[in-house]
Amino acid sequence: MADTHLYEGAPEAEFGDYVALLKPRVMSLVVFTAFVGLLVAPVDVHPFVGFCAVLFIALGGGASGALNMWYDADIDAVMRRTQSRPIPSGRVAGGEALAVGLTLSGFAVMMLGLAANWFAAGFLAFTIFFYAVVYTMWLKRWTPQNIVIGGAAGAFPPMIGWACATGGISIESLLMFAVIFFWTPPHFWALALFMKEDYHKAGVPMLTVTHGRAATRRHIFAYTLVLAPFSIWLGLTSVGGPIYLAVSVVLNILFILGGWNIMRRDEDAAIADEYATEKRVFKLSLYYLFLHFLALLVQHWVGAW
Ligand code: HEM
Ligand SMILES: CC(C)=CCC/C(C)=C/CC/C(C)=C/COP(=O)(O)OP(=O)(O)O
């Protein structure tokens, strides 16, 4: 956990450091999925209300990132990928990040309740709690299933968006959840394959550390297979249509092929080409999710089933 005080002579924080606390790059995709969830819902939302709802979901997501960075500062200081984050680099004090995280969380939840409805606000509060407490404080340091279960936090945003519009849950919003939920393990484990040393050094029980790379490779492929039917099923519901289905089929074939290539890879070959396939599949995972939700949006505009 983070020391709450900065040391003497610590570098000054700039505005960008506070923005970095909110993990803006990762959250941009999270927020996009929430935006699509809200837009494709069968209830029209006034554009201003929709804009506010997405803004408050973004603030809530960012706040949960700040809470994650506060709690994980010790781990982040050890890993090369995360060493230069605002807290381990000494530019922002742990206590400050905690204050930003808690204040923004409270603000975002209250404002979402006022702007949309209290069911959506409660859902946002639960998601922040799930990421900051259940995943970060509990699962991450305890079990190699950390990101499988914790991944639920990242899968809730389109359901929150849908709830902003409708005040409830539906098969469509559950399937959007399922797509992100089953997408998260291949997304993360592809990265963990080429970042294994980091997690090992930090003592985080990621699957690569506890069960080895071969097992992780098999798990990645298995999840790409489990993911595909949920993605297709979503295309057969009221938010689907031919455009979404075509995009989904192509993306799933590519992702399954990527998972297959990762599984068949010999570790020596991977080391020899510096994990080129794993890096490519990680990048593909980002396109996979972005294009899926973009396809839902386009399908909505041209008309769903
Ligand atoms: C428990 C679930 C997840 C874990 C453990 C995880 C882990 C990671 C890690 C370690 C990175 C590396 C780079 C970084 O720190 O920026 C990353 C990148 C990324 N993740 Fe995830 N992720 C998860 C869920 C998600 C979800 C749900 C989304 C979006 C819907 C997402 C979107 C992204 C994006 C966009 C990047 C690239 C960021 C960049 O360009 O720097 N991730 N993820
Ligand atoms: C609306 C709302 C509250 C959304 C939350 C969305 C959410 C849970 C996103 C997960 C994003 C993420 C970067 C996980 C990384 O795991 P990590 O924290 O272990 O990664 P790190 O090693 O990069 O810190």
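Tutor: Happy to! Let us begin with a ligand. In this predicted model, 17 residues surround ligand 2, and the closest are Gly 61, Ser 64, Tyr 131, Ala 153 and Gly 154. Your helix belongs to this setting: α2 (24-40), α3 (47-71), α6 (118-139) and α7 (146-155) each supply at least two residues of the shell around ligand 2. The top contributor to that shell is α3, with 5 residues. Sorted by class, the shell around ligand 2 holds 7 nonpolar, 7 polar and 3 charged residues.

Now for the other ligand. Ligand 1 has 16 residues around it, and Arg 25, Val 26, Leu 29, Ile 147 and Gly 154 come nearest. The class make-up of the shell around ligand 1 is 9 nonpolar, 6 polar and 1 charged. Both domains take part: domain 1 (17-169) and domain 2 (170-304) each give at least three residues to the shell around ligand 1.

With the ligands placed, turn to the helix itself. At 1.5 Å a residue, the 17 residues of α2 should span 24 Å, and the end C-alpha atoms of α2 are 24 Å apart, so the two agree. Much of the helix is hidden, for α2 is mostly covered, with 12 of its 17 residues buried. Among the buried residues of α2 are Met 27, Val 30 and Val 31, along with Phe 32, Phe 35, Gly 37 and Val 40. The elements that cover the buried residues of α2 include α3, α7, α8 (157-166), α9 and α15.

The chain is divided into domain 1 (17-169) and domain 2 (170-304), and their C-alpha centres lie 21 Å apart. Where the domains meet, the contact takes 30 residues from domain 1 and 29 residues from domain 2. On the side of domain 1 that touches domain 2, the elements giving two or more residues are α2, α4 (73-78), α7 and α8. Your helix leads there: α2 gives the most to that side, with 7 residues. By class, the side of domain 1 that touches domain 2 comprises 20 nonpolar, 6 polar and 4 charged residues.

Notes. Residues are numbered from 1 along each chain as its sequence is written. Chains are lettered from A and ligands numbered from 1 in the order in which they are written. This is a predicted model: local features need pLDDT of at least 70, side-chain atom pairs count only at pLDDT 80 or more; totals for chains, interfaces and linings use all residues. A residue is near a molecule or strand if its C-beta atom, placed from the backbone, lies within 6 Å of it. Helices (H or I, at least four residues) and strands (E, at least two) are DSSP runs, numbered from the N terminus. Ala, Val, Leu, Ile, Met, Phe, Trp, Tyr, Cys and Pro count as nonpolar, Asp, Glu, Lys and Arg as charged, and the others, Gly among them, as polar. Domain bounds come from an automatic or database domain assignment. The expected span of a helix is 1.5 Å times one less than its number of residues. A residue is buried if 20 or more other C-beta atoms lie within 10 Å of its own, exposed if 12 or fewer, and partly exposed in between; C-beta atoms are placed from the backbone. Two residues are in contact if their C-beta atoms, placed from the backbone, lie within 7 Å.
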